[in-house]
Every structure is written in structure tokens, then in C-alpha cells.
Amino acid sequence: MPLYYFNIDNDDVTEDFEGAELADDIAAHAYAVAAARSLAAETVKLGHFAPGHRIHIVDAAREPVGTVTFGEAVEIRT
């Protein structure tokens with residue numbers, strides 16, 4: 001299975017050195033959405049939400065695959 005890395009950009013950039021083996025780009029996007037939701041939940045516990053924070057998905061060659069923002073990973077209801 002292909003290896004993907006998920007670099008977090010939330011005021012600081014945290015590079016993923018471990019990565020995850022996933023079936024394809026679609027699975028990598030779903031993985032990034034779940035990670036963004038988890039990270040967003042942690043920031044909400046601290047009293048804020050930054051919809052522009054993001055996770056950059058890159059492949060084993062460190063080529064861009066996609067980006068998921070925290071804002072697109074959650075549905076905000078009023």
C-alpha cells in the first residue's frame with residue numbers, strides 16, 4: 001500500500017515523519033479529515049477554532065496530494 005504523510009499547518013508547521021500506509025488518495029483524504037476533526041476538537045477545548053488551519057497530504061516522494069482545512073472537515077451548525 002502507498003505511504004502518505006500528513007503535515008500539520010496550525011500556526012506552526014509540524015512535519016509528519018512517520019506517515020501511514022493507505023489504499024489510495026481517497027483513503028488518505030479521509031484520514032486527513034479525521035485527523036483535522038480530532039485536532040479541531042482539541043483547539044475547541046481550549047476555547048478557539050481556526051478554520052484555516054490545515055493538513056497537507058503528501059505521498060512517499062513528498063509530492064502534494066491534497067489539503068484539508070479544519071473548516072472543511074467539520075460542519076458548523078447554528
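Modeller: Before we start, two residues are in contact here when they have heavy atoms within 4.5 Å. And keep in mind that this is a predicted model.

Biologist: Got it! So which residues does Ile57 touch, leaving out those up to four places away in sequence?

Modeller: Ile57 touches Tyr4, Tyr5 and Phe6, then Ala28, His29 and Ala32, and finally Glu63, Pro64, Val65, Gly66 and Val68.

Biologist: Let's look at H1, then. Is Ala36 buried or exposed?

Modeller: Ala36, which lies in helix H1, counts as buried because its relative accessibility is 0%. Beyond its neighbours within four places in sequence, Ala36 is in contact with Ile55, Val68, Phe70 and Ala73.

Biologist: How far apart are Ala36 and Ala73?

Modeller: In sequence they are 37 residues apart, but their C-alpha atoms are 6.3 Å apart in space.

Biologist: And Thr43, what does its side chain do with Ala40?

Modeller: A polar atom of the Thr43 side chain lies 2.8 Å from the backbone oxygen of Ala40. Thr43 is in helix H1 too, and it touches His48 and Phe49, not counting residues up to four places away in sequence.

Biologist: Why does Thr43 count as buried?

Modeller: Because its relative accessibility is 14%, and the cut-off for buried is under 20%.

Biologist: Switching to strands: how do E4 and E5 run?

Modeller: They run antiparallel, with five bridges joining E4 (residues 54-59) to E5 (residues 64-69). Val58 stands opposite Pro64 in E5. The two strands form a hairpin with four residues between them, and Arg62 in the turn has a positive phi of about 65°.

Biologist: Last one: what does the side chain of Asn7 reach?

Modeller: It reaches the backbone nitrogen of Asp16, at 2.7 Å. Asn7 sits in strand E1 (residues 3-9) and counts as buried, at 11% relative accessibility.

Note on methods: Residues numbered from 1 in each chain as written. Predicted model: local features only at pLDDT ≥ 70, side-chain atom pairs only at ≥ 80, totals over all residues. Heavy atoms only, no water. Pairing = 2+ DSSP bridges. Buried < 20%, exposed > 50% of the residue type's maximum accessible area, 1.4 Å probe, protein only. Polar contact = N/O pair within 3.5 Å; in protein donor to acceptor, adjacent residues only side chain to side chain.
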